[in-house]
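Please look over the following points with the model open beside them.

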Amino acid sequence: MTETKNDRIPGYVLGAIVATGVMSLCGTIVETAMNITFPTLMRQFGIGTSTVQWMTTLYLLVVAIIVPLSAYLKRRFTTKALFITANSLFIIGVLTDALAPSFAVLLLGRGIQGLGTGIALPLMFNIIIDQVPMAKLGLMMGVGTLITAVGPAIGPTFGGFVVDTLGWRYIFVFLLPLLIASLILGIMTIRQKHPTQAASLDWLSVLFLAVAFVAMILGFSNLGSRAFLSLTVGGMLLLAVVAFILLGWRSRQVTPIINFSVLKNSGFSSLTFALFAFQIATIGLSFILPNYIQLVNGASANLAGLLVLPGALLGAAMSPFGGRIYDNWGAKPPLLLGIILALGANVTLMVFAQSLSNWAIAVLYTVYMLSLGLSFGNLMTEGLSYLSGLTKSDGNAIMTTVQQISGAIGTAIVAAIVALGQAAPHVSRAVGTANGAQHALLFVVVLLLIALILLVRVLFFRKEAKG
């Protein structure tokens, strides 16, 4: 295919994508690096599995609440102003965590980081959607995914090395140069594509959204320590359902903060669910496997990080390649191959969860990350292709929100399932962790199987017009 002048991507656009992407990179680095430190934090602060997982859950929850506001923020404020605000918040959060004297302060810093990432994360994909030529869209969505996928690739190894040599606080210290470089690059390259306009924000809708997400995550987080019919589990989940109903009602009365009507498009909604399943699988494995390696197989945090490094690097490197396959041959090859590989890897991990060697974990995780590289960016590209005009920004907001809330849900549910296994009577911590990991992997497999059915239905049997 011959490249024309109109197909070329301006240098400032590439710079803006990298600058906003580094913000997401820092978020995924610290998220996956801290997963490695959970056993260390549990010992240092005297907390359990269901408590320490809030390091990840709180961050993802804050991001999930902020991301739906991205369509409003995009209309109301310039892209550069949003980026500077986001980067500054992240730097404050990183400094807070580096100096945290207690677990509560550590959580506060993670929450501040979530505010920054929640603002910044949609910026990268909005820039790609608005400013990249259509002929390069799949490739650049893959590059955008690559930037964020590098975090899970290096996070566990980075976290394990730092914990074993310098201590967990230096995980945050080492992020500061990246954030400062990102800030400088963004100030130099981010340009405004569309003029800002007056826009109002319905705070009642924001309240309903926040209550829904917080109640849902609290309910799932307490599954490991409370009965389902208790107020802290069933009560919270019921409150979440009521809040979502009220949000839907309010959205019909005012300009909605989330345009739920785009979910009526079955192509978009099916691909969004597949994105949901992949994100839960990814976050779930990043929790299950490092803890399995350390608590079941007795390895160090450093080795746990090194074992998942090859797969994570391969998955990150595959993202642009997967985008190229999409540009040249369409959605079917990368999406179907990706979901089949993901299912195969997770089913095998589940079946042999009682006796997984470290090398088996490394190989199967590599297969899964290969599937993620083929699929993840293309799920977003194909899903957004079913929308048109301004609804693409709404679709981007929904997909990005789903990524974050599914990460929070996945962490909470997986941690609760593993904690139930560990709390079983008359079993050792190692056996309990293996049992919990097997049950958590079953949950992941069911979600991926549903995603496969939906993908087959959309790609082969549902001929819905694209935008």
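1. The second largest cavity has a volume of about 60 Å³, where a cavity is a set of points on a 1 Å grid over the protein atoms alone at which a 1.4 Å probe fits but cannot get out, and a volume is the space filled by probe spheres set on the points, these being joined across faces, edges and corners. Its lining (residues with an atom within 4 Å of a point) includes Ile66, Val67, Leu82 and Asn126, and α6 (103–131) provides the largest share, five residues. The lining divides into eight nonpolar, three polar and one charged, with Ala, Val, Leu, Ile, Met, Phe, Trp, Tyr, Cys and Pro counted as nonpolar, Asp, Glu, Lys and Arg as charged, and the others, Gly among them, as polar. Over the whole structure, four cavities of 30 Å³ or more are found.

2. This is a predicted model, in which local features need pLDDT of at least 70 and side-chain atom pairs count only at pLDDT 80 or more, while totals for chains, interfaces and linings use all residues. Residues are numbered from 1 along each chain as its sequence is written, and side-chain values use heavy atoms, with hydrogens and water left out.

3. Leaving aside residues up to four places away in sequence, Ile17 touches Met124, Ile127, Ile128, Val132, Met140 and Ile147, contact meaning heavy atoms within 4.5 Å.

4. Helix α14 (residues 332–351) spans 28 Å from its first C-alpha to its last over 20 residues, close to the 28 Å expected, that is, 1.5 Å times one less than its number of residues.

5. His426, in the loop between α16 (391–423) and α17 (429–461), deserves a look. Its phi is near 65°, a positive value in a residue other than glycine. His426 counts as exposed (over 50%) because its relative accessibility is 84%.

Note on methods. Helices (H or I, at least four residues) and strands (E, at least two) are DSSP runs, numbered from the N terminus. Buried means under 20% relative accessible area, exposed over 50%, partly exposed in between (1.4 Å probe, protein chains only). On a 1 Å grid over the protein atoms alone, a cavity is a set of points where a 1.4 Å probe fits but cannot get out, and a pocket is an open set with protein on both sides within 12 Å along at least five of seven lines; lining residues have an atom within 4 Å of a point.
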